[in-house]
Amino acid sequence: MKIFALLFISLLFSTCVSAQQFLTREGGLAFDAGSPLEDIIAETKSATAVYDAQSGKIGFQVLMTSFNFKRALMQEHFNENYVESEKYPKASFKGFYKDGFTKGELTMHGVTKSIRVPAVLTEVKNGIRFKSTFKVSLSDYNVSVPKAVSNKIDPYATITVNCMMKKRP
Amino acid sequence: MKYLAITLCLFISPLGFAQDDVFDLLEVTQNKKYAYATFKGTQLVNSATNETPGAGVLQYIIAHRFGSFGEDYLYNFLGLDNAQIRMQLDYGITDRLNIGIGRSSVLKVVDSFIKFRAIRQSSGPNPIPISITLLSSANYRGERYADGIDHLIADRLSYHHQVIFTRKWNSKLSTLFSPSLVHWNLVPSVGDPNSTYNATLGARYKLTKRMALTGEYSLISNKSYSDGSAFTVPFGVGVDVETGGHVFQFHLSNTRGMSTPYWLSRNSYSALNGGLFLGFNISRVFTLRD
């Protein structure tokens, strides 16, 4: 009989687990690779973000062409010459959140690197908000910057993530 | 009893715990995505592409066609001493609508044009395989007529209407097919057609991220007129080089006129008789409004 009780409890527990996933497909992501000479800022509001509270697993994915620049030509150069969106259409992060840090693999421009960056996860009504700001080195991800414009582009792009994930039913 | 419980437990537990990997949720269904940068410039060599400057962007193009290889070309420093020039200023009202003015030194032609990206190639849900862009221009010949007759302003005008079909096949290859109509208000005699029909074929192939080969060739409906003037089919091959806000286009063509009716339907040069010209187009963009 004891074992049935255990089973029952485990069943209860398991349904409770699967309810602890959070998701958004309208996550905010921005980056800034500008310099005093030129503003190079872009943002998207269509990043996907997921979080599993049980395992601590956290993941992000964004289509490179979804980044909006103020200048159409800059956006074209970004996609055509720098991140090569046709060849590498998306960037993703898969990892874990624990105690104020996210740690995992960031894949961009066909290169995967382990990163560990500070992050803030706050519980809000019906969901969770994830915020993080960190820098990535362009050369780490084989994004080449021609010498002629190297003084206009910050070799370390600042990435800002701000995603409001809703509890999955 | 105990075994039964364990079996049950084995059965049920996967149901509870084997929730699909949370990362599977990351995979997104592709949204509608418009093809971008089908061509580097708003023109290929002479012919217009589907591209327009973005909203709020002012584009300045300066273009040269040098002297022919047939005329003392070493003496004239590969024709550079006999340059014909075109200046063009155009503006993107929206990302799809573009207006502009230009002035070419061959026959002192001033023109204005309007270009609209009617249909844009896209992928994702309801994909569209090609882009269709509409272009119209009015052209005014400024050069004095040598025939001693007073010509009305209307005589000096010609019009060009074009439908530009383009497709970006992949990141390297894009092609263009543009049927067009050129209307001349003045033709040599009553028997000559005022309207000529043309079709331009063009392509670009990217060699590197910032460099591409281009080529274009046009078919024309009317090659000779009653006054004995004969016209040839225009073609050009070139190289596009892009550096930040500039696009440099260097090319070799059998045309010198740069306003559309003149290079397209009244080109009098033939490559076989040395009528080949080096030339370039350089564009610079200025963002006036973010």
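Predicted model: local features only at pLDDT ≥ 70, side-chain atom pairs only at ≥ 80, totals over all residues.

Colleague: Which residues have the most contacts inside the largest nonpolar core?

Modeller: That core has 38 residues. Elements of chain A that give two or more residues to it include β1 (21-32), α2 (72-82) and β10 (156-167). The residues with the most contacts inside the core are A:A49, A:V50, A:Y51, A:F130 and A:M165.

Colleague: And how many residues are in the second, separate core?

Modeller: This one includes B:A63, B:W184, B:Y262 and B:W263. Its count is nine residues.

Colleague: On to chain B. In what order do the strands of the barrel go?

Modeller: There are 12 strands in it, and the pairing is antiparallel. From one strand to the next, the twist averages 20 degrees. The barrel closes in the order β2-β3-β4-β5-β7-β8-β9-β10-β11-β12-β13-β14.

Colleague: Let's zoom in on β8(B). Which residues form its uncovered face?

Modeller: On one side, 10 bridges join β7(B) to β8(B), with B:N139 and B:S158 as bridge partners. Nine bridges join β8(B) to β9(B), and a hairpin of four residues connects those two strands. In a regular strand the side chains alternate between the two faces of the sheet. The covered face of β8(B) has B:S158, B:H160, B:Q162, B:I164, B:T166 and B:K168, and the uncovered one has B:L157, B:Y159, B:H161, B:V163, B:F165 and B:R167.

Colleague: What is the bridge partner of B:F165 in β9(B)?

Modeller: B:F165 sits on the uncovered face of β8(B). β8(B) and β9(B) run antiparallel. Across that pairing, the partner of B:F165 is B:F177.

Colleague: Now B:G238: is it buried or exposed?

Modeller: B:G238 lies in strand β12 of chain B, residues 235-243. Beyond its neighbours within four places in sequence, B:G238 is in contact with B:V45, B:T214, B:Q249, B:F250 and B:H251. Because B:G238 has 24 C-beta neighbours inside 10 Å, it counts as buried.

Colleague: Which residue takes a positive phi in the hairpin of β12(B) and β13(B)?

Modeller: These two strands pair in the antiparallel sense over eight bridges, one of the pairs being B:E242 with B:V247. Two residues lie between the strands in the hairpin. The positive phi, near 55 degrees, belongs to B:G244.

Colleague: Last one: which residue in β14(B) is the bridge partner of B:H251?

Modeller: B:H251 is on the covered face of β13(B), along with B:V247, B:Q249 and B:S253. β13(B) and β14(B) pair in the antiparallel sense over eight bridges. In β14(B), the partner of B:H251 is B:G279.

Conventions
Residues numbered from 1 in each chain as written. Chains lettered and ligands numbered in written order. Buried ≥ 20, exposed ≤ 12 C-beta atoms within 10 Å, placed from the backbone. Contact = placed C-beta atoms within 7 Å. Pairing = 2+ DSSP bridges. Core = buried A, V, L, I, M, F, W, Y, C linked by C-beta atoms within 7 Å. Axes fitted to C-alpha atoms, helices over the stretch in contact; angles between N-to-C directions.
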